[in-house]
Amino acid sequence: MALDTAAWSSPWRHRSVADKAVLTLALLATTLLLPVWPTAALSAAAALIVLLGPARLAPTVLARSLRSPLLFIVLGAASVLVSVSWHDGPRVAITAQTSTQALTVLGRGVAGTLCVFVLAATTPMVDLLAGLRRARVPEACVEVASLVYRLLFVLLDTTRRIREAQAARLGLRDRRTTLRSAGTLSGTLLVRAWGRARRLEEGLAGRGYTGALPSLDPPGRVSIGFLGATVALVGVIVVVSLLGAGPR
Amino acid sequence: MSHLSLEASQVVMSFAGRPVLDGVCLSVPGGSRTALLGANGSGKTTLLRVLSGALRPDAGEVLVDRAPLRHSRSGLTQHRQQVQLVVQDPDDQLFSADVRRDVAFGPLNLRLPEAEVIERVDESLELLGITDLAGRPTHELSFGQRKRVAIAGALAMRPCLLLLDEPTAGLDPEGVDEMLVALTRLEEQGATVLIATHDVDLALAWSTQVAVVTRGRVLQGEPAALLGDADLATRARLRRPWVLELGDRLGLADGDPALTGVRDLDSLAAVIDRERLSASGSRAAREEGR
Amino acid sequence: MSHLSLEASQVVMSFAGRPVLDGVCLSVPGGSRTALLGANGSGKTTLLRVLSGALRPDAGEVLVDRAPLRHSRSGLTQHRQQVQLVVQDPDDQLFSADVRRDVAFGPLNLRLPEAEVIERVDESLELLGITDLAGRPTHELSFGQRKRVAIAGALAMRPCLLLLDEPTAGLDPEGVDEMLVALTRLEEQGATVLIATHDVDLALAWSTQVAVVTRGRVLQGEPAALLGDADLATRARLRRPWVLELGDRLGLADGDPALTGVRDLDSLAAVIDRERLSASGSRAAREEGR
Amino acid sequence: MHIAEGFLPPLHAAAWTVAAAPFVVHGARAVVRERRERPETTLLLAAAGAFTFVLSAIKLPSVTGSSSHPTGTGLGATLFRPPVMAFLSTVVLLFQALLLAHGGLTTLGANVFSMGVVGPWAGYAAWRLLCGRHRGLAIFTAFALADLATYCTTSVQLGLAFPDPVSGIAGGVVKFLGVFALTQVPLAVVEGLLGVLVLRLLADVAGPELARLGIVPTTPPSEAVTR
């Protein structure tokens, strides 16, 4: 949850969600819609500059958060790189076409992931949900999602403690005990989650809960300057990409 | 806030056929500080939930300023603006991702204009000395901080009566002191406070009246008298506060009217000192008279 | 069980870049009773988790009988048969349908023959005085009972060292007494016990040594000396035990060697009584001499 | 394994979003309706969502050496039913994308389709087909199949997006099946076994507790309850 922690203390935390969403989505769109080179490199660079510059995301957090998507991207790109056929006996090959395609997914995957980080590392989930509420996503759905977010941390804490207690009594000693412990943990968690929900409901009822969870959302003031900068940045990427890709 | 009185009258409550409260009578006068004591499982928390309107008793009733609580929607809505319960585990009460949103929940449900909601939130945070936490995510708070945010959330409803279940449990000694300071502030603002606690020393030092839950009933009275009762302490799985116990051991209690004033370390030290002087004085007098 | 010593040497531990333990040294001699004190968030629980092997410190090491704990699979398996941690909330430790099955969880993982598993379970339940709970479903138990079942579960691993996080928190006074009786029994069986607690009075009355966590470090020493230190108490967000505080107020501590023996109500009462006699005696002598 | 951001071509991403949308909208409608009728469901649904998220963080015994985690789609489908799972999976996948960088925003639709639609429905169908005959087998099959179906769908999605230059779409699918689904077979077995353990525990430890709490009564009383 390093990204989320970073979002809470981000200097961009109080920027309007719309601003940040527009920047992220515009970068994403250029990455996906324009020719992969040099667009992917440009938008990845733009995202990196934004993240490490004004958004002041710690490079270690960035590197750590990139690890797991990178694993998928590399595995996926490798699968694209290798061509298999079996018509005249099984054959494995790497062709110019597959290597171009592999580079494409590699570039778009990394660039796309970095673009999403712009939103993820600057906007806590609550603000995002408030944004969805303003965007007319049904109230009930937003409320469930916001409660999921809160309960998540409570449950993760419980999970950690139960696992440690199981490990202490050698419950993770071998495959058999680990499986049994995982089963007990899952079941126990479900019961604990349910009990928590029931108690939370009573706690909220005391404060007038009747099914709706009104929220005090700070007004999201869109910044013209920020939007202008976004348009300029994306514009530069678009122009450079189109010129750079040129007639091939 | 103005003082209201709260009363439980002949409250009966069972869970799964097991009686927990068996005709409980409790009266909390406006402006009092009540400590509710009792063993684990004695029904303290159940009683608090009945008083707060969360549970409807099988028999008996809850009265606020002599008016019985109705468990209709409107009755409960009204009750909740007067009586607020803060449960023991703050995670059972905090549902928002950040502190400000959580505290605002109650006032928003009262459909107050936004300006007043913000005013109430700020006031509640200030009263508990946690204004600096306003924008912080709930899951990053310490246990003691979460406890205070939970109280702020209840407070933002501007209740006349505040019920707190084990407000000091799990807090370090300084956290306990800070909590007591916060409670004192609430009283100064006109709230009547009832706490359920296991801490008999705290109960003696803090409360103006004590209520002990034992075997489904409640005994209510003057703190020193009830907490000094060795018989009752045994029956209720409690122990006597150490100042009373020590006073007894030292023979200070034998008809000593001064001891009725003993409720904490300071007052006990004063009594012992006084007794020392008079003892040596009288002994000296005796010696002289010999 | 035989006595083993446990040691933390220069343990450093941070979470998300925030240092929690910053070069902690702690030594728990075999057969000692150690009370670990510290404010909320001071790192008590983190230290316990490091000692139990649940957390691997960023730097420094944990030693059992001078042998450093290896965080390999086999190293941890061995460690866990020597050192067991009982966490604060028993629900985090109880996950089986009934008490007997829960206590048997550890011994079964040790791959012991069934007869020995049963023997260990029975022994653990007996030691904690909960043999009668054996067949009861876990979720029907009271809080105090669950706390003891959690300890029995750890005990069935036959550890030489038992670490308990807030074993008395949330218990009513009689529950606290019962817990102390159980702990005394464990020691008689040869276990070395360390408890983390907020209760300075309990720490003074129960422990043979005290360790205070403050600002990422640990200070360790003789209970009365450390707990009587007003400066340290302020720094560590603690308060002094009331017997020491009262002794101080009454001027008993001024170079009185007898006071070093004061650790609970009984010993304090004895000292005050003695002082009374001698005071009145000397005063009487003075009066006579006049 | 969720498809990472930027991995799918725009057309594919859009198509999968359109494919998943009716299921999610249907689930969201059910949520809105439920809340109107029973306000307490909001909290229970949130608990279910948080549970689904946390479940994917639980470590399973390693088969291949690397650590692995359950998908939770089978458990979600049997406990909360597939329509609700379509909605909950969307929330969980959105959270995973933004909190953990697992998956992505443009690939959300594709991931919801595999984890929130195909997986739960496959598991649920297996469970309904078999539960009359052999309970244990039904649970095992439901969980293993839900897990496997999820990964097979992911492989198909990738195969469609990146057909092999020689062997075409079939070749692409086969490649991705080999990378993502074949390695998953032992893990699907493990998840099946996990399911048996979890539901046994739920019936055993918590039978009455669950009944009291009102968890969907998909777990008929076992001997432990009637004892």
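Analyst: Let us begin with contact, which means heavy atoms within 4.5 Å. In chain D, residues 24 or more positions apart account for 68% of the contacts with a separation of 6 or more. Please note that this is a predicted model, in which local features need pLDDT of at least 70 and side-chain atom pairs count only at pLDDT 80 or more, while totals for chains, interfaces and linings use all residues. Residues are numbered from 1 along each chain as its sequence is written, chains are lettered from A and ligands numbered from 1 in the order in which they are written, and side-chain values use heavy atoms, with hydrogens and water left out.

User: How many helices and strands does chain D have?

Analyst: Helices (H or I, at least four residues) and strands (E, at least two) are DSSP runs, numbered from the N terminus. Chain D has ten helices and zero strands, and its pattern along the sequence reads α-α-α-α-α-α-α-α-α-α.

User: What share of chain D counts as buried?

Analyst: Buried means under 20% relative accessible area, exposed means over 50%, and partly exposed lies in between (1.4 Å probe, protein chains only). By that scale, 60% of the 227 residues of chain D count as buried.

User: Is Thr24(A) buried or exposed, and which residues does Thr24(A) touch?

Analyst: Thr24(A) is buried because its relative accessible area is 0%. The residue belongs to helix H2 of chain A, which covers residues 17–33. Not counting residues up to four places away in sequence, Thr24(A) touches Cys115(A), Val116(A), Val118(A) and Leu119(A).

User: Where is Arg134(A) found, and what is in contact with Arg134(A)?

Analyst: Arg134(A) is found in helix H6 of chain A, residues 125–134. Arg134(A) is partly exposed, since its relative accessible area is 44%. Leaving aside neighbours within four places in sequence, Arg134(A) is in contact with Asp217(A), Pro218(A) and Gly220(A). Its C-alpha atom is 32 Å from that of Leu42(A), a residue 92 positions away in sequence.

User: Which residues of chain A does UniProt list for "transmembrane region"?

Analyst: UniProt positions are given here in the numbering used for this model, feature names are shortened, and annotations may be inferred rather than shown by experiment. The unreviewed UniProt entry lists residues 21–54, 66–84, 105–125 and 224–245 of chain A under "transmembrane region". In the model, residues 66–84 of chain A are 84% helix and 11% strand, with end C-alpha atoms 29 Å apart. Residues 105–125 of chain A are 81% helix and 0% strand, and the end C-alpha atoms of that span lie 28 Å apart.

User: What does the domain assignment of chain B give?

Analyst: Domain bounds come from an automatic or database domain assignment. For chain B it gives domain 1 (6–239) and domain 2 (241–290). UniProt, in an unreviewed entry, places the feature "domain: ABC transporter" at residues 6–240 of chain B; that span is 39% helix and 26% strand in the model.

User: How many residues of domain 1 of chain B are in contact with domain 2 of chain B, and what area is buried between them?

Analyst: Buried area is the accessible area (1.4 Å probe) that two parts lose on being put together, summed over both. Ten residues of domain 1 of chain B are in contact with eight residues of domain 2 of chain B. The area buried between domain 1 and domain 2 of chain B is about 700 Å², with carbon and sulfur atoms giving 58%. On the domain 1 side, Asp201(B), Leu204(B) and Ala205(B) lose the most area to domain 2 of chain B, together 57% of what that side buries. The C-alpha centres of these two domains of chain B lie 36 Å apart.

User: How many salt bridges does the rule find across the interface of chain B and chain C?

Analyst: A salt bridge is a side-chain nitrogen of Lys or Arg within 4 Å of a carboxyl oxygen of Asp or Glu. The rule finds eight salt bridges across the interface of chain B and chain C. Arg237(C) forms a salt bridge with Asp172(B), their closest N and O atoms being 3.2 Å apart. In this interface, 35 residues of chain B are in contact with 36 residues of chain C, and the two chains bury about 3300 Å² between them, 54% of it on carbon and sulfur atoms. Between domain 1 and domain 2 of chain B, the rule finds zero salt bridges.

User: Which chains share the most contacts?

Analyst: Chains A and D share the most contacts of the five pairs of chains in contact. No contact joins chain B and chain D, whose closest C-alpha atoms lie 10 Å apart.
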